[in-house]
Amino acid sequence: MAAFDPIGSRTVALGEHREPAFVHAEQAAAAREKLAARLARRKRRPNILIFLMDDVGWGDFGCYGGGIAVGAPTPTFDRIARNGLQLTSCYSEPSCSPSRATLLTGRVPNRHGLHRPPMYGEPGGLQGEITVAQLLADAGYATQAVGKWHVGENVASQPHNVGFDDFYGFLSVSDMYTEWRDPHFFPEIVYSEARTDWVKNMPFNRCFVHAKKGGEAESVEEVTIPVLSLLDEKWCQYSIGFIERMAGGDRPWLLYHCSRGAHFDNYPHERFLGKSPARHPYKDTLLELDEIAGRLIETLRRTGQLEDTLIFVSSDNGPHMETWPDSAFTPFRCAKGSTWEGGVRVPGLMLWPGMIEAGRQSDGLFDFNDLLPTLLELAGESARVPDDRYIDGIDQSSFLLAPEGLSNRKYHYYWLGPTFSGLRCGEYKMVLSATSDDDGDAAGPGGFTGVLQRFAYARLYNLYLDPKETHNYMTRKLAYVEAFQTGMRAHLGSFKRYPPKTVMGLKAPDPRRS
Ligand code: CA
């Protein structure tokens with residue numbers, strides 16, 4: 001049999017409502033054996049810690065080429081990479097809420113409907129969706145969310161109503177609490193009583209909250225600028241308390257810890273103010289995030305839970321270059337808000353001592369929507385993957401656990417709001433539509449500034465030879481068109497059976513009418 005190759009190998013259909021996947025029989029058997037041996041040894045299902053940062057770039061960590069070279073050393077993240085699996089093709093969506101909803105539901109934005117973030121109290125979010133937290137809670141897991149939510153402020157979309165036992169954090173996004181309070185960014189609001197009152201009367205909660213399943217969200221404290229600078233510390237302490245409490249119990253748990261940093265605007269905790277070599281607020285904040293990740297891992301170690309816990313470290317989208325210099329580092333084209341690689345390629349570190357081999361790196365495709373089926377498989381609960389809706393995620397447990405495991409995913413699909421932008425297979429990416437100021441935006445701010453361009457002919461980029469996506473390779477590589485058309489037809493065809501949904505943003509065209 002020919003060696004495996006993502007373009008030349010076939011996927012296996014898993015049902016009408018599931019993305020087809022590669023089945024690597026040997027590595028799947030090895031992973032199952034490893035899981036069974038662990039369960040026999042440890043006598044409990046694994047815990048899961050998702051450590052999700054905000055707007056941190058693919059290249060910010062030292063292990064991705066940044067770190068001290070860009071004025072912010074990241075010893076903890078680099079150590080996680082050395083002791084675990086470093087993914088170089090981990091994909092989010094182009095901005096916060098689409099990514100977070102995709103991570104929690106296992107579905108692309110055109111299915112969960114969050115094409116863009118809800119802002120300043122706009123209603124709409126995860127309500128009606130099934131989250132991995134809900135599925136794990138149904139399976140007996142304790143489920144805790146801490147930090148940034150931003151997938152719906154309306155009651156039915158709040159974390160304690162979509163699967164979490166408890167939530168301690170804010171319901172929206174960092175800048176919304178502070179930008180209108182800061183005379184540097186918004187003098188015309190700060191120095192106008194009428195405008196300040198106008199913002200204060202918008203229908204969003206200006207406090208961070210605490211909520212328990214079955215109850216209502218209760219305000220903890222108003223997020224003023226001085227309070228904001230303390231949030232990551234407060235949330236770290238809350239998560240440490242949760243990990244310590246869980247240590248004595250029988251229940252496995254999911255901790256979804258979403259940092260405040262390093263979304264604009266950053267007001268570092270005084271312990272970190274000016275402490276990065278760059279002496280810049282964004283970089284100081286990265287130092288704090290690195291330290292917090294280290295404290296959470298140390299708490300797991302101290303309480304004897306490290307070997308029972310899978311840790312996933314990532315960021316919810318590419319760096320936001322339109323708030324430069326409060327921004328981050330990517331070697332790819334463009335930035336947050338776009339479907340160029342710079343917008344959606346994010347750091348992805350997996351740590352699970354004894355289960356995931358130390359020091360592995362892989363460029364295999366891993367999508368945020370893969371977490372839902374993967375985590376359920378690791379928990380021994382794969383039968384709980386919903387079958388009443390389309391699930392885009394693929395079970396990647398064997399990719400993570402098997403020695404030299406390969407990705408089970410053939411295609412990554414890029415969605416720019418309700419617009420299908422393109423797909424990747426192997427080192428090639430076909431692009432039909434994308435944001436662009438002009439063809440020179442490779443080094444420009446891009447992201448939310450660009451216009452939507454639909455190209456006259458699909459473009460093809462080789463991401464190994466051309467990570468900046470500036471050389472259209474299509475006319476020399478037409479043999480690949482078949483592989484991309486097959487993937488595109490199957491993906492877009494799934495929306496005819498399972499119609500798209502819009503909760504936030506422009507309405508998606510209904511493929512049943514085209
Ligand atoms: Ca973000």
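Buried means under 20% relative accessible area, exposed over 50%, and partly exposed anything in between, with a 1.4 Å probe and protein chains only. Keep that handy for the tour. The model is predicted, so local features need pLDDT of at least 70 and side-chain atom pairs count only at pLDDT 80 or more, while totals for chains, interfaces and linings use all residues. Residues are numbered from 1 along each chain as its sequence is written, and side-chain values use heavy atoms, leaving out hydrogens and water.

**Stop 1: the calcium ion**

Select the calcium ion and show its protein donors: Asp54 (OD), Asp55 (OD), Cys96 (SG), Asp316 (OD), Asp316 (OD) and Asn317 (OD1), at 2.2 to 2.6 Å. Donors here are N, O and S atoms within 2.8 Å of the metal (3.2 Å for Na, K and Ca), and with water not among the atoms, sites may look incomplete. The angles among the six donor atoms run from 53 to 159°, and the site is irregular. For six donors, octahedral would need opposite donors over 155 degrees apart and all others between 65 and 115.

Now colour Asp54 and Asp316. Asp54 sits in the loop between β1 (47–53) and α2 (75–83), Asp316 in the loop between β8 (309–315) and α11 (341–344), and the pair links distant parts of the chain, 262 residues apart. Helices (H or I, at least four residues) and strands (E, at least two) are DSSP runs, numbered from the N terminus. Buried or exposed: which is Asp316? Asp316 is buried, at 0% relative accessibility, and Asp54 is buried with a relative accessible area of 0%.

**Stop 2: α9 and α10**

Next, select residues 225–247 (α9) and 281–302 (α10), whose axes come within 10 Å and cross at roughly 10°. Axes are lines fitted to C-alpha atoms, for helices over the stretch in contact, with angles from 0 to 180 degrees between N-to-C directions. The two helices are therefore roughly parallel, a label for angles under 35 degrees. Show side chains at the contact (heavy atoms within 4.5 Å): among them are Ile240 and Ile243 of α9 and Leu289 and Ile292 of α10.

**Stop 3: Thr88**

Jump to Thr88 in strand β2 (residues 85–91). Thr88 is buried at 17% relative accessible area. Leaving aside residues up to four places away in sequence, Thr88 touches Trp58, Tyr64, Arg345, Ser362 and Asp363.

**Stop 4: α12**

Finish at α12 (residues 371–378), where seven of the eight residues are buried. Just after α12, click Gly380, which takes a positive phi of about 75°.

Key. Four donors count as tetrahedral if all angles lie between 85 and 135 degrees; four count as square planar and six as octahedral if opposite donors are over 155 degrees apart and all others between 65 and 115; anything else is irregular. Angles under 35 degrees count as roughly parallel, over 145 as roughly antiparallel, 65 to 115 as roughly perpendicular and the rest as oblique.
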